[in-house]
Amino acid sequence: MSRSRFIALSVALDALFVNAAFLAAFLIRFSGELPRFNFQPLLTLAPLLTLLYVGAAYIYGLYEPERTENPWAVIQAVLPAVFVGALLTFAIAFVAGEQFIRLSRLAIAIAWLLQVVLLAGWRLSLLRLTPIHWPQQRVLVIGVSGVALELAAEMRKRHGWGYRVVGLLARDEGELVARGAEVAPGLPVLGTAAETSRIVREHGVDRVIVVSPVALRELVEDLALSDETDVRVDVVPELYEVFIGTVDSLIGDIPLMEITRRTAEPWFAALKRAVDVAAALLLLVAASPVMLVFGVAVLATMGRPVLFSQERVGKEMRTFRVHKFRTMVRDAEAGTGPVLAAQDDERVTPLGRFMRTYRIDELPQLFNIIAGEMSFVGPRPERPFFVERFVDEIPGYRERFRVKPGLTGLAQVSGSYATTPERKLKYDLIYMYHQNLLMDVQILVETLRVVLAGRGAR
């Protein structure tokens, strides 16, 4: 069972048993009956009380598997969590108004005892009857002394939680020679930090934790953005790094910051897709008169074809055909081959320049959004010819293909139309790792402002 599924199961069972305990407590208090006068306030407060109990359980670590790995640890966490929940229930019953004073205080006290038994009981039963085995993480630690050894020891003690330390890496050849082939029984020194990528592949490493102060920038580019490895990279932060980031996990009392992270939660991706489809359909209907007018204008001034279709690279490096109104002269690249757009491009016609300025040429891409090939917000899709070149030349360029390309993006509203691919990549990565609904709305609003102000591509 994965950690996320364990947490979801724990929250669901806690919510169920908290309310089951309240129900049983009222049945006990009123000899098998549920008087409406006393029970109705509980029904009214049930959603709020459930949230309070789940929140207290979270505060006391009941949803952190490592903190409830033995019976005594479970009981130590359940007792204060339920006590806080009961205190909050009493407080609400007394301050929420006259009708809630009817809530039986004796029933709440009985419920407290039942909740301790139920919340601790299901956890202890699960640990005894169906021990949880977490998916194994093969961990490589960069560092061979001090905190690195402490961290490796902690992870080996927590072997049942999926950690398996395959070895350690020295900072350089000098440290490797000084420390020898093994720093502790079962903890071999496999090489130096410069060999990280090779050792990750050879030992099937899933996670790299950096303790030694190596050149993190090169390490991240070599691992996190590599085409050949899919590995999580964490770092034991220094004080400066804590100021600029957030601690993502703890092993023992050692904080870790994850450098590599998923681009978006699954729920956000699903919500974004639903919004994309709904908005694209509405906008397609609203913009159809504009599209008709400019389609006729392109035909009258530039001739056929009206639409320009071109192969682009999308999510997971899959290719698709993007559709736009034609803005350049016919056979614009016949004599030059593929070239990137430039400021004041002579191949762009006067009508095409107007359409580019106000992004009208992009409207046919609404069909790409509906088809699921693009989103409203994301990195702009690029042609395979340039993608192959940039992947070779720009570290981390492949990373931008972990999300769907967009009709607009942070790079488009922050930089100029013809800014360099390296600068565009920085904006794309900023968006990918910090995206949320508010950021998407801000980018769309800024795009609208850019379009209306005529600061489009020329």
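Here are some exercises on this predicted model, each with a worked solution.

Before you start, note that residues are numbered from 1 along each chain as its sequence is written. Local features need pLDDT of at least 70, side-chain atom pairs count only at pLDDT 80 or more, totals for chains, interfaces and linings use all residues, and side-chain values use heavy atoms, with hydrogens and water left out.

**Exercise 1. Work out how the buried residues of helix H7 are arranged.**

Step 1: Pick out the buried residues. In H7 (residues 196–203) they include Thr196, Ser197, Ile199 and Val200.

Step 2: Look down the axis. The buried residues of H7 fall within an arc of 170 degrees, so they line one face of the helix. The arc is that of the directions from the helix axis to the C-beta atoms.

Step 3: Glycine 204 follows H7 and has a positive phi, near 60 degrees.

**Exercise 2. Examine the backbone in two loops.**

Step 1: Go to the loop between helix H10 (266–302) and strand S9 (307–313), where proline 305 is found. The peptide bond from arginine 304 to proline 305 is cis, and its omega is near -5 degrees.

Step 2: Go to serine 31, in the loop between helix H1 (3–29) and helix H2 (36–59). Serine 31 is not a glycine, yet its phi is positive, near 55 degrees.

Step 3: Decide whether serine 31 is buried or exposed. With a relative accessible area of 69%, serine 31 is exposed.

**Exercise 3. Study the aromatic pairs.**

Step 1: Learn the rule. Rings of Phe, Tyr and Trp (its six-membered ring) pair if their centres lie within 6.5 Å; planes under 30 degrees apart count as stacked, over 60 as edge-to-face and the rest as tilted. The whole structure holds 8 aromatic pairs.

Step 2: Classify phenylalanine 22 with tyrosine 53. Their centres are 5.9 Å apart with 85 degrees between the planes, an edge-to-face pair. Phenylalanine 22 in helix H1 and tyrosine 53 in helix H2 are 31 residues apart, so this pair links distant parts of the chain. Both phenylalanine 22 and tyrosine 53 are buried.

Step 3: Classify phenylalanine 385 with phenylalanine 386. The pair is edge-to-face because the ring centres are 5.1 Å apart and the planes stand at 90 degrees.

Step 4: Compare their accessibility. Phenylalanine 385 counts as partly exposed at 46%, whereas phenylalanine 386 counts as buried at 2%.

Step 5: Ring pairs join Phe385, Phe386, Phe390, Tyr397 and Phe401 into a cluster.

Methods. Buried < 20%, exposed > 50% of the residue type's maximum accessible area, 1.4 Å probe, protein only. Helix = DSSP H or I, 4+ residues; strand = E, 2+ residues; numbered from the N terminus.
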